[in-house]
Amino acid sequence: MEKRSVDSRVRGVSTGTTILAATFDGGVVIGSDSRASIGGEYVSSKTINKVVQVHDQIFCCMAGSLADAQAVTKAAKFHLSFHSVQMETPPLVIAAASVLQELCYNNKEELQAGFITAGWDRKKGPQVGAGRGDSHTGSRDTAVQSNSTYWRVAAVLIPCVPLQVYVVPLGGMLVGQPVTIGGSGSTYIYGYVDAKYKPNMSREECLQFATNALALAMGRDNVSGGVAHLVVITETGVEHVVVPGNKLPKFHNE
Amino acid sequence: MLQETGTEWLSQEVKTGTTIIAVEFDGGVVLGSDSRVSAGASVVNRVMNKLSPLHDKIYCALSGSAADAQTIAEVVHYQLDVHSIEIDEDPQVRSAATLVRNISYKYKEELSAHLIVAGWDRRDGGQVFATLSGLLTRQPFAVGGSGSSYVYGFVDAEFRRGMSKEECQQFVVNTLSLAINRDGSSGGVAYIVSIDEHGTEEKVVLGNDLPTFFDQ
């Protein structure tokens, strides 16, 4: 008991969480749950929004230590707004993902974070990327198997023609993928995402897919829960969708 | 590099880091497993059948420590044989599951194996029992092993009551395939066993015949 509470205090408020981003025909959906917990024992917030806007059409998802995530995204916002002033054009998604990657990689000893970056930029259309910065140098498998390793997921949407999401996993590499998931709850939905994701879905199909995936993960992971925050980013703009707990899809065992 | 990894696997416990699943349908059950046995980073057996018969129409799926799981299965196989002679008829699935549970619970500190027991009997039809850590619970389906974490979402979404035998088999194969793709400790081929009142059917689905998904 003693040891556990010390751990909680030291670890601080963390977002054991589920985050995901997926590209569809014409845009990107990025979403997360809304639970913040301390040590997996106490829910400190039921309604935290882990989808953070780092630029007009670029969003990040946070998983991992909440304090670290907020600090990093704040720094990223600054870098990106400066960058966009210098370039006189909105930043590319990959630029946002790279900014997060640099922050994760250079501070990998202190940070425990992975980011999903999703957004839309003029050059390449909708994209999703993921990045994780973590003091562990283990592979994604190691991170995923141990629920105590948190990810920070930032989704940056960059509009581009080939749909890609950028992932910055633990350690700070940068990878572009059509769909990506992160957080402690993501372990439970790897199979679902692999089976159900199809490239070039319609907006409604993708929203339904993302909502289902979040609901399934929240149903199995005790540190994910609350409402589902979803952001749909397309060339024309950004739309927030919030699905409250009682409106989430129910499955056979509920 | 070779020096470092050369002798690790000799001293690490042999585990069936695995994916196992059992699903009940109207009239029977379908069990499935992968075939990988690992000792640390080495795969020591790539074709192990983890679906072990406890009786003609009762099978169990092994996961966790390979030695512990196999021993439990063998002991229960023997105990069920004796039991079925005593009652002069085929044993119930619940009896088999209870025998497994009794061993798992009594020796829970020493053993680290999880067996899923599934089968068909005349009284209650197809049944699936989970015996994790010494509990006994009947469920419409059960998944276990290290690979099961990755497919909880998939099975929650896709399972429906009242599937036919073929639909169940396809569901099991899909689940195993998804888990094998994500879990480093699961792999090889998929063994499927289907049990109903007419008999028991064992099938192997080779690696290249497993279903593939959008990123493959």
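Predicted model: local features only at pLDDT ≥ 70, side-chain atom pairs only at ≥ 80, totals over all residues.
Local features need pLDDT of at least 70 and side-chain atom pairs count only at pLDDT 80 or more, while totals for chains, interfaces and linings use all residues. Residues are numbered from 1 along each chain, chains are lettered from A, and side-chain values use heavy atoms, without hydrogens and water.

Q: What area do chain A and chain B bury between them?
A: Buried area is the accessible area (1.4 Å probe) lost by two parts on being put together, summed over both. Carbon and sulfur atoms hold 59% of it, and the whole is about 1,800 Å².

Q: Which residue of chain A forms a salt bridge with Asp156(B)?
A: A salt bridge needs a side-chain nitrogen of Lys or Arg within 4 Å of a carboxyl oxygen of Asp or Glu. The rule finds three across the interface of chain A and chain B. In the one with Asp156(B), the closest N and O atoms are 2.9 Å apart, and the partner is Arg220(A).

Q: Which element gives the most to the lining of the largest pocket?
A: A pocket is an open set of points on a 1 Å grid over the protein atoms alone, where a 1.4 Å probe fits, with protein on both sides within 12 Å along at least five of seven lines; lining residues have an atom within 4 Å of a point. The largest pocket is lined by 24 residues, with Tyr152(B) among those nearest its centre. Strands are DSSP runs (E, at least two residues), numbered from the N terminus. With four residues, the element that gives the most is strand 11 of chain B.
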